[in-house]
Amino acid sequence: MGGETFEVPKLKSSYPKLSDHPVGQWIPKIYKDRIASFYGGGQYESKNLRAMLTEGVVSGHPHIQLSVWDAPDLSRPTFKEATRHEFKPTSVGDWFGPSWSTHWFKAQITVPSDLCKKDHLELHWDANNEGMVWSEDGNPLQGLTGGGERVEWILPEKFRDGKEHIIYVEMACNGMFGNAPGGDSIQPPDPNKYFQLGKAEIVAVNVEARHLYIDIWEIGDAAREFPTDSWEQHKALKVANQIIDAFDLGNQDSIIQGRKIAQEYLGKHASSAKVYKSGNEPLVYAIGNCHIDTCWLWPWAETKRKVARSWSSQCNLLEQYPEHRFTASQAQQYKWLKQDYPYVFDRVKEKIKKGTFQPIGGSWVEHDTNLPSGESLVRQFLYGQRFFESNFGERCRTFWLPDTFGYSAQLPQLCQLAGMSRFFTQKLSWNNINKFPHTTFNWVSLDGSQVVCHMAPSETYTAEANFGDVRRSVTQHKSMDQDPISLLAFGKGDGGGGPTWEHLEKLRRCRGMADTVGLLPRVHMGDSVEDFFDKLQQKASTGTDFVTWYGELYFELHRGTYTTQANSKRNNRKSEIMLRDIELLATLASIKSGYKYPKKDIDDMWEAVLLCQFHDCLPGSSIEMCYDDNDELYAEVFKTGERILKELQNVLGVHDVSGPGVKGTLVALNTLPWHRREIVPIGDHQAGVACGEGNLLSVKTFKVAETPEVTVEEVRSGVFVLQNDQLRVQVENGIISSLYDRKAEREVIAKGGKANQLVVFDDKPLYWQAWDVEVYHLDSRKELSSSATKIAKSDAHQVSVMTETKISDKSWVKTYISLSAAFKGQQSYVEMHSEVEWQESMKFLKVEFPVDIRNTEASYETQFGIIRRPTHYNTSWDMAKFEVCCHKFADLSEHGYGVSILNDSKYGFATCGNLMRLSLLRAPKAPDAHADMGRHHMRWAILPHQGDLGSTTVRTAFNFNNPLKLVQSPETLDASAFSNPIKLIGDSSLILDTVKRGEDDEDVSRGELPKRKGKSVILRIYDSLGGKSRGTIQTTLDVKRVWKTNVLEDDEEEIKFAEGKIDITLRPFEVATFRLQL
C-alpha cells in the first residue's frame, strides 16, 4: 500500500500552437438587431425570409373574377337576401363605403394548374375592414379582419381541380375597432370612411418557410428578452444568427437547414401538437378567447356579425390545431348566433360536445357589476346559466369577467349561489394609483362567502401569445408563495377575432423552448379554464392557504362611468323597478285569479335590460349609435311593461285615474312589502294620505288643520323658511343654509356650510373621456351662483321654493326644494327636483351637502347590502376612492345621529370629511360626442335620522324610488285586495326584495329545462344592514312544502313551516332564496 506509480495517458489535442487569424467578440446589440431585419418588412423584404414565404401568387382575371352588390341604406342583409340581387363587376383597387355599409362580393375562383399541386393554398383578401367568407350554398365559413390580420382563408382541396368555384365575401365597412377617424379608436366614428379593396389573390404558401418565420421570431425574442447574464440568451443569439447565415435566397434547402438549426433551441416537435406531450409539468396554462364587446365602438347589429365571424374562425382553428382550446362567455351572443347563424351555432355546439369550444362565465353578458341592482346580478346568472344548461347540457363553474370596471362586494356570494366558485379577471392591473397585490387569492363577500380568484399575471385578456406574455405569466405573478401556476388568456379581442394561427404556432415554440433549453416558463395547451381552477381548488382543499381579499375589488380608474350617459342609467333603474312590480303582481294574480303569468314577456324584458347592462353600455362608454339602440330597446321594455301593468290593474279591479271607466274610490298601488303612510297628490292642489301594507292602499283625504302642518314664508328678502313638525329648512340664494332637526334639536348643516350647492368641475381626464374622472378635477371646483328664489308651491300638504341657476350661456338648472307634512313616528326629509338643460363640454356637475357629522367612514348602498369607505385620504388606497359608486343612498353617521342622501337613478358619489357630494352630469366628447347633452330631470333628498344608519334610511330610499301610484277602484272592491298574502315580519333589516313564479313551474315554463309539477312562489330576502337577522314569512297561500334554494332555484334545504309561518335566520348581508311549493 502506498508508493505505487501509475502512468497517466496523455490526451491528444488538435489545439493549434499558432494563432491562425484574429477572432473578435460579438457585439450583442448589433447581432440582436440583425435578427428582426431577417424576417421583418422594410428595405430588405425582397431579400430576406419574407421573400420565400410564398411559392406563387395569382390575382385578377381569369383566376379571381369579382362582382359586387352594395346593400342600401346601411342595411345588413342576410346571405339569401343579398344573393338575390344582380352583382356588378368590380376589381382590386376599388373603394367601398361609407362607414357601416355592407357590400357583398361574388368571387369566381380558378386555381391555375401550376399551383394545384402546391402543398398549401390560401385566398388572401384585405380591404382593411371586417368580412366574412361564405360558401356558394350560403354557409358562413370564416371571418376576415383586414389590415394585414386574419386576411387568409385556406382553399378547400376541391378547389384544386382547375375548375371555377364560387364563394362570397360579405364586407362590413368598419374596422375591428369601428370607424374612428385617424389613429385614436375612442374618438366618435367618422360616418364617411371608405375602404379600398387592396388584395384578392390566390397564394401558394411555402409551409417550411412559414414555420421558420415563427421559429426565428421566438428565438429572436429569447435573444432580446432573456437576461444577458444567462447562457440561454447567448445560445438564442447564436442560434438565430446561424439560421440567418445559413439562409440562401431562393434555395429551399437553406430553409430546411435553418429549421434544423432552430431545433437546437426549440426541440424537434416545436411545430406540432406533439410538443405538449413531453410530460413535463407546466406553470402557464394558455386558453384562447376573443372577448367580443357586446357593444362599444360599434352597435349591437355589428356585434352579431362579429360573433359569427370570430367563432367561425375559431372552429376552423380547432380543427387545424388539436391542442387548441377556445373559451367564450355571454349567453346573449350564443343566442344571437343560434337565431341568425344556425350553421355556425351547430359547428360551435359540435365543438362544445368535443370539449374544444368551451362556454364560460354563466352570465347573460359580461356585465357591469357596479350599477345593476342585486336582483339584476342574480338574473344575469339565472338567464345565463339556464341558457348554457338548456343548450349545451351543462352550467358554467367559473365566472369570467376580464374587462369590467370594478367588482361588487356581493359578487362572491352571488357566484356561489349561481353554482360558480371561481372567478377570473385582470382589469385591476389597469389601476392608475395603487398596484393590486395579489394574483391568486380567495375573494370574500360581505356575508363571508368566498370564491377563488385568479387575475392573469400577463395583465391582459388579449395576449398576443408572445414570448413576453408567457414570461410575464411568472415574472409578474404576485402569489408565487402560495401557488406558481397561472392562466394566459390570448387572442385578438374587444372587437373579437380570437387566436390566430400565428398565436398557436408561437405557443408551440415557447413550449419547445422551455423543454429544450429552459428558463422560459413551460406553457401548456389542451386544458380548459375549469381544469385550471380545478387545480387551484384541489390545492386549497389539500392545505394551500390562499391569501384573502375582503369586500369590493375597487377599480382605480374609470370612475366617471358611475355618471356618464345619465339617461341610460335612469332607464336601467326604472326598468329594474318595473320588472320587480310586474313579477310581484303577476305572481299573486296567477295564483289567486287564474291570470296567465306572462313569462315570455318577462323574459324578453329581462333579456333586454340585462343586455343594456353590458360593461360598455350601462357605464356610458359606447358610441352614440349604441345609445340610440339602447333607447329603442328600453322604449320597448317600458311599452311591454305598461301593457302588462294595465292587465294586472284590471285583475286587481282598478284602473288609471285618467283612463276610461266609472269613477270610483281612489286607492294607491303599492309594491313594497312594509307599511307605508304617504301623501299622494290628487290634483288641483289637493292631496290624499295613502296608508296600509297591501298592494292596494286606501287613500283618505288630507285634512287641512287649523294650524298648517307645513309652511313656507319669506322671512326676509331672498330668505325662505320651510317648516313642518320635524324639520325647519332655511333657503338662501338657492342653497340650504340651515336644516334644523326640531325633534333632535340639532343643526344638520355644518356651520357656515351651503347644502344643495351646485358645483361644476373641469373634467379632462388623461385619456379615457367617457370613462375617467381624475383626482385633479377636484382642484377646479367652481360654485354656481343662483338667481332669486321664489315660492313655487304653498299647499296644505306640501310647500316648495324654486331657484334658477345659470351654468353657462347654454346651460341652466331649475331646482325645486320641497317639504311635505310630516307624520308622527315617520322620519321626514327634504326633497329636491331639478330640471337641467345641459350643453357643456368636458364639465362635471355635482351637488354638495356639508353636514355636521364626523366619521372616518361613510356608508353606501350596494347590491343586497352596504359598503363602508373612508372619508379621509390617509393613504393612497383611501385617496383613490375620491369618487365611488352607490345605489339608492349614501349615509354619513356618527354615534346617535346621521344624514342620508337619497337619489333617484344616480350612482356617483363622494364623501370627503363631512362633505357629501352627489354626482349629477358629465359632458365627455368621446366616444359619444353628444353624451348627456339635452334636458334632464332628477331627484334627490336629504334624510336626517336619529340613531345609526338603519332601516329608516333603507326603507325610505326604497319608497323614494317606488312612488305610490294613484288609481281608481269600484266602490265594491273586496277587502282582501288591501292585504298581502305574503308578509315578512321580524327584524326591520330584512328586505323581501323579489316575489316571482318558479322558472320551471309547469304552468309557467317555456320548456327550456324539465318542468316541475305544480305551482311555486320564489321569494328573495336579504339582510340589508349587516347583522344576523331573524324573521318570519307569513302567508295565506296554500303552501305544501318550503325549500331554501340557490338563485338558480335548485332545492337545497327543506325548511319547516306550520300554520302559514316560516321562521328564517340570515347571516349578515346574506341573500336567501325560498321556494314555496303550493
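Arginine 573 lies over the face of tyrosine 907, at 4.6 Å from the ring centre, and the charged end of arginine 869 is likewise placed over the ring of tyrosine 860, 5.0 Å from its centre. A charge counts as sitting over a ring if NZ of Lys or CZ of Arg is within 6 Å of the ring centre and within 35 degrees of the ring normal.

The model is predicted, with local features needing pLDDT of at least 70 and side-chain atom pairs counting only at pLDDT 80 or more, while totals for chains, interfaces and linings use all residues. Residues are numbered from 1 along each chain as its sequence is written, and side-chain values use heavy atoms, with hydrogens and water left out.

Across the whole structure, a search finds 47 aromatic pairs, where rings of Phe, Tyr and Trp (its six-membered ring) pair if their centres lie within 6.5 Å, with planes under 30 degrees apart called stacked, over 60 edge-to-face and the rest tilted. Two of these pairs are set out below.

| Pair | Centre to centre | Angle between planes | Class |
|---|---|---|---|
| Phenylalanine 79 and tyrosine 168 | 5.3 Å | 90 degrees | edge-to-face |
| Phenylalanine 345 and phenylalanine 392 | 5.9 Å | 35 degrees | tilted |

The pair of phenylalanine 79, in helix H2 (residues 79-82), and tyrosine 168, in strand S10 (residues 164-172), links parts of the chain 89 residues apart; helices (H or I, at least four residues) and strands (E, at least two) are DSSP runs, numbered from the N terminus. Both phenylalanine 79 and tyrosine 168 are buried, a term that means under 20% relative accessible area, with exposed over 50% and partly exposed in between (1.4 Å probe, protein chains only).

Phenylalanine 345 belongs to helix H9 (residues 342-354) and phenylalanine 392 to helix H10 (residues 374-392), so their pair ties together parts that are 47 residues apart in sequence. Phenylalanine 345 is buried at 4% relative accessibility, and phenylalanine 392 is buried at 16%. Both residues belong to a cluster linked by ring pairs, whose members include Trp311, Tyr334 and Phe387.

As for the cysteines, a search of the whole structure finds zero disulfides, a disulfide being a pair of cysteine sulfur atoms within 2.5 Å. Cysteine 885 is in no disulfide, and the nearest cysteine sulfur, that of cysteine 886, is 6.5 Å away. Cysteine 885 counts as buried at 6% relative accessibility, and cysteine 510 is buried with a relative accessible area of 0%.
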